[in-house]
Structure formats: C-alpha cells, structure tokens
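Dear colleague,

Here is the structure I promised to hand over.

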Amino acid sequence: MKLAVFDFDSTLVDAETIEVLAQNYGVGQAVENATELAMAGKADFYTSLLSRASLLKGMDAMWAEAICQNLPLHLGALEVVQGLHALGYKVVCLSGGFKWATGYFKEKLGLDADFSNTLHVRDGFLTGQVSGPLMRGDSKAEILASLQSLLKPKHTLAIGDGANDIGMFKLADLSVAFNAKEITKKAATFVAQSLDLREILNYLKA
C-alpha cells in the first residue's frame with residue numbers, strides 16, 4: 001500500500017476556505033493578510049488561525065457551511081485522486097481548514113480520509129472559536145507520522161502549497177509543491193509548473 005497526502009486549501013481546491021468565508025462576511029482583507037503571512041511562514045500558524053477564526057464570530061452557520069461546500073476545485077482534482085487510487089495509493093487530506101469543507105469534498109472526490117478542524121457553533125451562529133487536530137504549524141507532520149506508523153506504507157507522497165506543509169514533506173518519499181509559496185517550493189522534491197493537478201500523475205509516470 002502507498003499513501004498520498006494532500007493539503008486542501010489552495011491545493012485540492014482553488015481557494016483558502018477561511019478567506020472565502022471572510023470575504024462573504026465582510027472581513028476579507030484582514031483575514032487575507034493574516035493568511036498570507038501564515039502560509040509564507042512569517043507568522044505562527046496557531047495564533048494566526050485563532051485570530052482569523054475570531055473574525056467570523058456571529059456568522060450564520062448554515063450560510064458558512066454552504067460556502068464551504070461550494071469551493072472551486074483545482075483542475076484535475078478528481079482525476080488525480082482516481083489516478084492515484086489506480087496506482088495503489090490511499091489518498092488522504094490533511095487541512096488546517098474546516099470539516100465542513102474537507103468532509104464534503106472527501107465524498108465528492110472519493111478520498112479515503114480527511115483530517116481538519118471544526119468551527120464552533122452556538123444557537124446557529126459561529127462563536128469565533130475553532131478546535132481540532134490541525135491547529136499548529138507542525139500538526140500535519142504529526143498526523144502523517146501517525147498514519148505512517150499505523151498503515152506502514154511502502155511509499156509516501158505529499159502535496160501542498162504552504163509553509164505548514166513542509167513538515168509532512170520531510171516525512172515523504174516524494175513531495176510536490178503545487179500552487180506553492182517560495183518557501184514550500186524550496187522544500188519539495190518536485191515543483192508543479194501548472195495549476196493542473198494531473199501534472200502530478202504525469203510526474204509519477206515519467
């Protein structure tokens with residue numbers, strides 16, 4: 001068995017979930033600025049996530065969930081998952097984003113598992129709080145290490161775009177920087193030259 005681990009925001013989907021939520025709620029610029037710093041490795045991921053989530057306090061939860069389930073996929077997302085399955089991979093998503101999005105797209109894309117965080121809700125509205133297994137910059141590496149220990153894959157492939165993906169790159173046999181920040185490109189085995197996820201399949205088959 002082989003294991004492929006994808007980031008979600010700006011990798012499988014062509015968006016940052018928290019930015020799209022913030023744009024719809026009228027706090028887009030503040031969240032975008034904070035996200036950019038976190039993804040470039042210039043701000044602590046945990047502190048940034050708490051701060052950004054707090055700006056969503058009071059947003060209608062049903063509206064937020066609907067937004068999470070209507071994010072645009074990157075070109076080739078379904079095909080790359082299907083192609084990796086055909087090559088013998090289990091395909092998993094690790095995201096510092098939110099279960100409303102990753103859980104929905106797990107089913108849509110046929111992923112084998114998804115790990116992400118939860119936005120808290122009270123009386124139908126977001127509280128501005130968030131919790132889950134992927135709150136820190138090193139969380140993806142920790143979960144990947146646990147998956148490798150449990151599943152004992154003979155090969156691990158990691159795909160991501162941000163600074164918080166570098167930890168899992170270090171644990172992978174092959175790492176792909178897709179739609180990536182410069183800091184992430186420098187840590188990757190392969191840097192995708194397009195925004196078509198099918199390029200990953202071409203790389204594996206080359």
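A salt bridge, as I use the term here, is a side-chain nitrogen of Lys or Arg within 4 Å of a carboxyl oxygen of Asp or Glu. Please keep in mind that this is a predicted model, in which local features need pLDDT of at least 70 and side-chain atom pairs count only at pLDDT 80 or more, while totals for chains, interfaces and linings use all residues. Residues are numbered from 1 along each chain as its sequence is written, and side-chain values use heavy atoms, with hydrogens and water left out.

To begin with the charged pairs, a search of the whole structure finds nine salt bridges. One of them joins Lys-99 to Asp-114, with the closest N and O atoms 2.9 Å apart. Because Lys-99 lies in helix α6 (residues 99–109) and Asp-114 in strand β3 (residues 113–122), this pair ties together parts that are 15 residues apart in sequence; helices (H or I, at least four residues) and strands (E, at least two) are DSSP runs, numbered from the N terminus. Asp-114 is buried at 10% relative accessibility, whereas Lys-99 is partly exposed at 37%, where buried means under 20% relative accessible area, exposed over 50%, and partly exposed in between (1.4 Å probe, protein chains only).

Another salt bridge links Asp-165 to Lys-140, with 2.6 Å between the closest N and O atoms. Asp-165 sits in the loop between β5 (155–160) and α8, and Lys-140 in helix α7 (residues 139–151), so the pair ties together parts that are 25 residues apart in sequence. Both Asp-165 and Lys-140 are buried, and salt bridges that share partners join Asp-7, Lys-140 and Asp-165 into one network.

Ile-166 belongs to helix α8 (residues 166–171) and is buried, with a relative accessible area of 14%. Its C-alpha atom is separated by 8.9 Å from that of Lys-140, 26 residues apart along the chain. Not counting residues up to four places away in sequence, Ile-166 touches Ile-183, Thr-184 and Ala-187, contact meaning heavy atoms within 4.5 Å.

Helix α8 is also part of a right-handed β-α-β unit with β5 and β6; a crossover is right-handed if, with the strands pointing away from the viewer, the path from the first strand over the helix to the second runs clockwise. β5 and strand β6 (residues 174–177) pair in the parallel sense over four bridges, and two strands count as paired if DSSP finds at least two bridges between them. Within this pairing, Ile-159 has Val-176 in β6 as its bridge partner. On to β7 (residues 190–191), which runs parallel to β6 and is joined to it by two bridges: here Val-191 stands opposite Ala-177.

Turning to the nonpolar residues, the largest nonpolar core has 48 residues, and those with the most contacts inside it are Phe-6, Leu-21 and Leu-84. Domain 1 (2–14 + 73–203) and domain 2 (17–69) both give residues to this core, so it lies between them; the domain bounds come from an automatic or database domain assignment. A second, separate core of 16 residues includes Val-92, Leu-134, Met-168 and Ala-180. A nonpolar core is defined as a set of buried Ala, Val, Leu, Ile, Met, Phe, Trp, Tyr and Cys residues joined through side-chain atoms within 4.5 Å.

With best wishes
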